[in-house]
Amino acid sequence: MSVAATLPEPVNWQSDAMKARRKARYAADRRLQAYGMIAIFFALGFLAILVGTLTASGYKAFVQTKASVQLDLSGADIDADNLMDANWRGIVRNGLLGQLDGAAELSRQDQREYFNLFTSSAPYIVRDMVIRNPALLEGEAVYDIPLSDPLDQLAKGEIDRDLPESRRRVSDVQIGFYDRLDERGIISQPFNWGLFTNADSRFPELAGLKGAISGSFWALLVCFLISFPVGIAAAIYLEEFAPKNRLTDVIEININNLAAVPSVVFGLLGLAVFLGWFGLPRSAPLVGGMVLSLMTLPTIIIVTRAALKSVPSAIREAALGIGASKHEAILHHNLPLAMPTILTGTIIGLAQALGETAPLLLIGMNAFITSDPGGVMEASTALPTQIYIWADSPERGFVARTSAAILVLLGFLVLMNTAAILLRNRFERRW
Amino acid sequence: MAGWTLLVLFLVSIAAAFAGLFRAKAHQVSAGKQFHSRPIYHGLNIAVWTGVPAFIFLLLWILTQGAINDYFVIASYPGAEALSDSERSLLLSEVRQAARGNFFTDPTPQLLAAAEHLKSLHSLGAYAMIAVVAALAVVGAALGMRVIRPEYRARHSVERSMTIFMLVSSTIAILTTLGIVLSLLYESWQFFKLVPVHEFLFGLRWEPQIAIRADQVAGQGAFGAVPVLWGTAVVAACAMIVAVPVGIMSAIYLTEYADERFRAVVKPLLEILAGIPTVVYGFFAVLTVAPLVRSLAQSIGIDAAPNSAIAAGGVMGVMLIPFVSSLSDDAFAAVPRAMREGSYALGATKGETIRKVLLPAALPGIVGGVLLSLSRAIGETMIVVMAAGLIAKMTLNPFESVTTVTVQIVTLLIGDSEFDNPKTLAAFALGLLLFLITLGLNLVALRTVRKYREKY
């Protein structure tokens, strides 16, 4: 038998069948590439839409419609020594009526509609300004009174004037009043500092994030104070000192598993152990911080171990060679050299902790609290739980507030992550 | 109060360290002898002796003072022995409020006496705490000062303390796991005393909203976890349907097709999706995705609930994309170069190499990654709390509203929580279930990944 007989027919690569086949194969290749592109654009498009919608619905909460009302308190019946007990409601209402020509002759019904233009806390706002600055009692001054939520929405164009009256939350009479005030030029939309200087409130026009931000600050402070030293110490022990035995194996598996435990389970731990067994106060940033620190700990341990591992052993050996003890070599040389990476990891871990919501809900940091906490033992909310509370509130104004709170939270996260990246780029050493 | 004590204690320890440092230096000069340890170690030694015992005491005191005060108040309250646990905790909170000056009803003389008692306990406790802390600190500092001698091995002592601190720190991870397991087991045990295990595991009805107080109107209560697990599975499946193809496809594109510049820009952008807090996704799901899903479904003639499983699951899937993507990325990177190049040498196109060589070789790693993200989807809380339903239903229709394990845990524990009520305890039983399921998934996933790594 000849060799040629066993060989198959040589393939004619230029035949039409082969050309078509090649074309199909290349098309399949391009299809796969297209699927990849589509997947990436789907994910990034979602991200863009997410940020876009939140910005679009949130940016309006960064301004607040206000009326600059001129009040003359000199003639009012106010006892300068007992400011709290004056009839602020009557005084402010009289002042508000003075803003509108002929308002005093309005029917009771219309007057009530008129007063509803302004936030119901207007008397307290004026009172607090006077208490801060008693000189205001002497004469005329301008007070910025926020408009109530429906009017704020109207001024921002969120409520359509052309809708029939029964289907919108402001009446025709109120729109009339609003336009007259607007003509007088006392309506303005300044930056809403109240969003950062007020604590929570039932009224959207007064609700702010001060309590939530300081609650988050205290919780993160506790979280940092616990997880940073403990995490570093644990990592040094496991990396440098621990004998390789069963116990350290168990600890290691444990740490990796802990990083994957659902956050709500940590909330259950906090509720059962910190609140139930130890009797620590509910809703306190101390407990929140302790729960968050247990969640951040694995991150810090893992980062620190990696950072310590990357420091060349020559450094330790040099230190040992000139008479340093093992502790001295690690604490004076390895650890400082690993510190930039550790700090970067810690900031990223804290940023994660800042956005964590579920465990804080379970330990009660979703309470309605109208003052900011003065310390770690006082009840408070945190930024993410505040977002959750506002998202659940029915008033329309809270939709924009929620988006604005989310933008503030994302702003803090961007800030922290930028700091981490800068730190890494500036100080991290590659050996 | 305790916070200030802590701060003062910290400052005193630092001061003690400096005192020790100077004393050791002075000694060194006057004794004219070589010290074993450098002066700074003597200082640190004193700081440790001053601060640490007092700090440990302070910690224990903070953790236990509430319970101790409660015990004394209850012990002295007339007729308190006859009260049940929940009545007792109600009484305690009433006393606490009264001690702060808040009265809800006209206070009885007993209540006023108890409030006074609590107040006096508080101030007594504060004085006692300061006295003990101060005594411990002074004794520690004095002992530390006394041992400053040339032959005293202060460095060894300090390093021993540090080692102990590090050892204790590394056991905190174990203590946390133990705390989770024990607290879940204990509370679930309480629950299973009220509701039989088989009813919980195999019951087909979940109606946990039973009355906590006698005057509440509520359902009879049924604690069958099956519909809740079913709903969890439906939502997780929706999430996986989004996350797995998109994640794997984007990983393929980024590792095989994209150039370095594209990758450097897109990969961090994808990672942002994983960094956005889940409460944000939840709000977005409610605000935008759910209404969109609803109107889309209605336009093709499907009736969708306002909080459909597919909206919550889909948004959750997007959150998991970077997770699946980066784990698949690792799996592709671990495939040896030789396999890829062998395939090219045989004339395969890039697409054929990916589909016929890379994917099968990386499959165990990808499966591990998918399992890990599945365990995340099951444990994810905020998105479903905000966007999924509350009623447990056994349905496969993703346009209906279902509830999940995490939603039930959160809704059961928000508001009234009494530790002797099946409603509260049911949350812990669900938590135990959730913990075991996610733990099992994680272990299987890690094992799959590791096994596969050994192969090449």
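**Figure 1. Ala312(B) and the neighbours it touches.** In this predicted model, Ala312(B) is in contact (C-beta atoms, placed from the backbone, within 7 Å) with Val235(B), Ala285(B), Ile383(B), Val384(B), Ala387(B) and Ala388(B), leaving aside residues up to four places away in sequence. A nonpolar core here is a set of buried Ala, Val, Leu, Ile, Met, Phe, Trp, Tyr and Cys residues joined through C-beta atoms within 7 Å; buried means 20 or more other C-beta atoms within 10 Å of a residue's own, exposed means 12 or fewer, and partly exposed is in between. Helices are DSSP runs of H or I with at least four residues, strands are runs of E with at least two, and both are numbered from the N terminus.

**Figure 2. The side of chain B that touches chain A.** The contact draws 70 residues from chain B and 68 residues from chain A. On the chain B side, helix α5 (residues 154-194) gives the most, with 19 residues. That side sorts into 42 nonpolar, 22 polar and six charged residues. For this count, Ala, Val, Leu, Ile, Met, Phe, Trp, Tyr, Cys and Pro are nonpolar, Asp, Glu, Lys and Arg are charged, and the others, Gly among them, are polar.

**Figure 3. The open sheet of chain A.** Three strands line up in the order β2-β1-β3, with antiparallel pairing; strands pair if DSSP finds at least two bridges between them. The edges are β2 (140-146) and β3 (187-188), each of which pairs on one side only. Strand β1 (residues 66-72) of chain A runs antiparallel to β2(A), and seven bridges join them. Look for Val69(A), which sits opposite Tyr143(A) in β2(A).

**Figure 4. Asp85(A) in its loop.** Asp85(A) belongs to the loop between β1 and α3 (88-97) of chain A. Asp85(A) counts as exposed because it has 9 C-beta neighbours inside 10 Å. Ala135(A) is 50 residues away along the chain, and its C-alpha atom is 18 Å from that of Asp85(A).

Figure 5. Chain B carries 15 helices and two strands. Its radius of gyration (over C-alpha atoms) is 31 Å, well over the 23 Å that the globule rule (2.2 Å times the number of residues to the power 0.38) gives for 456 residues, so chain B is more spread out than a compact globule.

**Figure 6. The two domains of chain A.** Chain A is assigned domain 1 (65-190) and domain 2 (210-427), with C-alpha centres 46 Å apart. There are 17 helices and three strands in chain A, and 42% of its 431 residues are buried.

**Numbering and confidence.** Residues count from 1 along each chain as its sequence is written, while chains are lettered from A and ligands numbered from 1 in the order in which they are written. Because this is a predicted model, local features need pLDDT of at least 70 and side-chain atom pairs count only at pLDDT 80 or more, whereas totals for chains, interfaces and linings use all residues.

Definitions and conventions
Contact = placed C-beta atoms within 7 Å. Domains from an automatic or database assignment.
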